Each structure stands twice: as C-alpha cells, then as structure tokens.
Amino acid sequence: MLTINDVRKTFFAGTVNERVALDGVSLTVEPGDFVTVIGSNGAGKSTMLNTVSGTIIPDSGSIQVSGEPVTKLREHQKAHWISRVFQDPMKGSSPNLTIEQNMAIASRRGKSRGLSMGVTRPRKQQFRDELAKLELGLENRLGAKVGLLSGGQRQALSLLMATFSSPEILLLDEHTAALDPQRAKHVTELTERMVAEQKLTTIMVTHNMEQALRLGNRLIMMHEGKILFELNQEQKAGSSVADLLSEFQKLQTVSGEPTLDDATLLETVRVTEEGKP
Ligand SMILES: Nc1ncnc2c1ncn2[C@@H]1O[C@H](COP(=O)(O)OP(=O)(O)OP(=O)(O)O)[C@@H](O)[C@H]1O
C-alpha cells in the first residue's frame, strides 16, 4: 500500500524560475490498485513518481510504502519495493551487457549482498521461460548485447525486469510513449498481463487517454501540481476520451494556456476518429 499525504514540492523557490510542481498531493493506493494518471503539461506527474521512488525529496508531506516512510528506506529496500519503467527505452537496461547479464542483475535487485552475474543452468532456463512470455523471440538470444535490441524489445525487457522482484509498487512513466504504435500496443498488452498475473500495485502515467480509461481500476487527473479529480472503475467505464478532453478544454479556457501537447492532441483525434472510446 502507498500513502501520499499532502506532498509539496517547489523547484527554485523564491527565484524568478520558481515552479510549484506538487501543491498538496494526497493519494492512497491500495494493494492491487492500478492507477492511471493523466494531466496537462508540467502538471507534476513525473515529480509525483520521483517523490515516490525517492529520487526527489518533497519540501513537506509524507510518502509511505507499506507503512514505511520512503525517505527512511535503504537503497536495497527501495530497489526491492519500488520498480520503475521510464519513457526512454535506453534507461532500463545496460546496453553493453547481454540479455542474460541484465536479467541476472535485475533478479538480484533489492538483495543486500553483492551483485553476481553468474547464472546457473536452471536459472538460464527460468530466464528463457520469462523471456518467452514477451513473444519477441528473445529467449533464443540470451547472449546478445542489449544495445543491439530495438526500442520496443528493450522496453519489453525493462518491464519484465522491473517486475522480477514482485515490487510493492510498480511505477510506469509514459513507458510506451517513445515507441511506434504497434510496439506501444504490444508493450501495453504485456503490461496489462504482468500487472494482472502478479496483482501488482501500479501507477502509470500516460498521455494516451484511451489507454488511461481502458487500463487499471482508477484514473486520476492532475493539473498544476494538484489532483483535480479521480474516476473509479465504474466511472471510468462510463467515460469516453471526449469526456476527458472536455475536462482539459475547461482547464484551457480558465488558464488561456494550451493544456495538452501536440502529440497527445493528435493521438486523441486519431482515437476519436476511429470511434474508439
Ligand atoms: N528537476 C527539476 N528542476 C526544476 N524544475 C522542475 C524539475 N522537475 C520538474 N520541474 C518543473 O516542475 C513542474 C512539474 O513538472 P513534471 O515533469 O513533474 O510535470 P509532468 O506532469 O510530468 O509534465 P509533462 O507531461 O510535460 O512531462 C514543471 O513546471 C517542471 O518544469
């Protein structure tokens, strides 16, 4: 369980560059919840994930994972409890190591004793079985350097490795945004399957509103460092992309600033024209 309580974060406070990234964010994520997060540009979505993973320390407020303050977790505990997949497919794995070596390291994540890249035969078979689930043929390429894989393959591998240690919290930060539509679809399907199979407690930031509505059991919308509203499973099922868009348009009317980037708008128009929800 994750509890975010009245978290605030301002960058460059008191200067002309002051940016209020989180303005009193509170959120409780129950075990097994899958929360999708949408929001305007600069709404604070990534900063919220950064405070949960402990990479950014909030100015005030508290964040607890299973009752433990994130700031008090040791590095190996953090690595074991909180896993993250980033937008950039290059971030989740080491290009100069082989698939097998990357997996060996991932499977040691969160263990307090040293890193061992030695892999026993049964372990190798386990890696092959895990890789086969990705349906990308990587199970036959254990010795290949990860740098040789495509972005989609690397992102699928990152996702697999992020779920190895059955983390308390899985953070997905627009993890399909840099992929072409076909690969993004595949990684989205893998995400759904892995989260469901392991009943992972998950927070997924996405700019894809169709995805935000379809995946998970809760949806939150952020704007200017605040959670503006939340939809539960039933409300999500009864909402359309057009409904979400109209919420963004309301914000734009108030602020006069564009609230969605061009890529999101184009994606939304495409989905709407195809007649999907
Ligand atoms: N490390 C940082 N240093 C300074 N300002 C930052 C930093 N990280 C975020 N910000 C600022 O905080 C605000 C929130 O940024 P954040 O990246 O969390 O938003 P976001 O919702 O993820 O946005 P986007 O969808 O555009 O990626 C923005 O104004 C951003 O410029």
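This is a predicted model: local features need pLDDT of at least 70, side-chain atom pairs count only at pLDDT 80 or more; totals for chains, interfaces and linings use all residues.
Modeller: Strands β7 (residues 169-173) and β8 run parallel, joined by four bridges.

Colleague: Which strand is joined to β3 by five bridges?

Modeller: Strand β9 (residues 218-223), and the two run parallel. Val37 has Ile220 as its bridge partner in β9.

Colleague: In what order do the six strands of the open sheet stand?

Modeller: The order is β6-β7-β8-β3-β9-β10, and the pairing is mixed. β6 (82-85) and β10 (226-232) each have a single partner strand, so one side of each lacks a neighbour in the sheet. From one strand to the next, the twist averages 20 degrees.

Colleague: Which way do the residues of β8 point?

Modeller: Side chains in a regular strand alternate between the two faces of the sheet. Now take β8 (residues 202-205). Thr202 and Met204 point one way, Ile203 and Val205 the other. Are they buried or exposed? All four are buried.

Colleague: How does the chain get from β7 to β8? What kind of unit do they make with the helix α6?

Modeller: A right-handed β-α-β unit, made of β7, helix α6 (residues 181-198) and β8.

Colleague: What span should the 18 residues of α6 have?

Modeller: At 1.5 Å a residue they should span 26 Å. The end C-alpha atoms of α6 are 26 Å apart, which agrees.

Colleague: Which residues of α6 are buried?

Modeller: A general point first. An α-helix has 3.6 residues a turn, so residues three or four places apart point the same way. In α6, the buried residues are Val187, Thr188, Leu190, Thr191 and Val195. Viewed down the axis of α6, they fall within an arc of 165 degrees, so they line one face of the helix. Gln182, Glu189, Arg193, Ala196 and Glu197 are exposed on the other side.

Colleague: What covers the buried residues of α6?

Modeller: The cover includes β3, β7 and β8, along with α5 (151-162) and α7 (209-214).

Colleague: And after α6? Which residue follows?

Modeller: Lys199. Its phi is positive, near 50 degrees.

Colleague: Why does Ala156 count as buried?

Modeller: The cut-off is 20 or more other C-beta atoms within 10 Å. Ala156 has 26 C-beta neighbours inside 10 Å, so it counts as buried.

Colleague: And a contrasting case? Where is Gly238?

Modeller: Gly238 is in the loop between α8 (233-237) and α9 (241-255). For exposed, the cut-off is 12 or fewer. Gly238 has 10 C-beta neighbours inside 10 Å, so it counts as exposed. Gly238 and Ala106 are 132 residues apart in sequence, and their C-alpha atoms are 39 Å apart in space.

Colleague: Now the four-stranded sheet. What is its order?

Modeller: This open sheet runs β2-β1-β4-β5, with antiparallel pairing. At its edges are β2 (19-29) and β5 (68-69), each pairing on one side only. Strand β4 (residues 60-65) and β5 are antiparallel, joined by two bridges. Val65 has Glu68 as its bridge partner in β5.

Colleague: Which helix packs on that sheet?

Modeller: Helix α1 (residues 45-53), which touches β1 (2-11), β2 and β4. The direction of α1 makes about 60 degrees with that of β2. Now turn to the six-stranded sheet. α1 lies across β3, β6, β7, β8 and β9, at about 150 degrees to β7.

Colleague: Step back to the whole chain. How many helices and strands are there?

Modeller: The chain has 10 helices and 10 strands. Of its 277 residues, 40% count as buried. Take contacts between residues at least 6 apart in sequence: 70% join residues at least 24 apart.

Technical notes
Residues are numbered from 1 along each chain as its sequence is written. Two strands pair if DSSP finds at least two bridges between them. A crossover is right-handed if, with the strands pointing away from the viewer, the path from the first strand over the helix to the second runs clockwise. The expected span of a helix is 1.5 Å times one less than its number of residues. The arc is that of the directions from the helix axis to the C-beta atoms. Two residues are in contact if their C-beta atoms, placed from the backbone, lie within 7 Å. Axes are lines fitted to C-alpha atoms, for helices over the stretch in contact, and angles run from 0 to 180 degrees between N-to-C directions.
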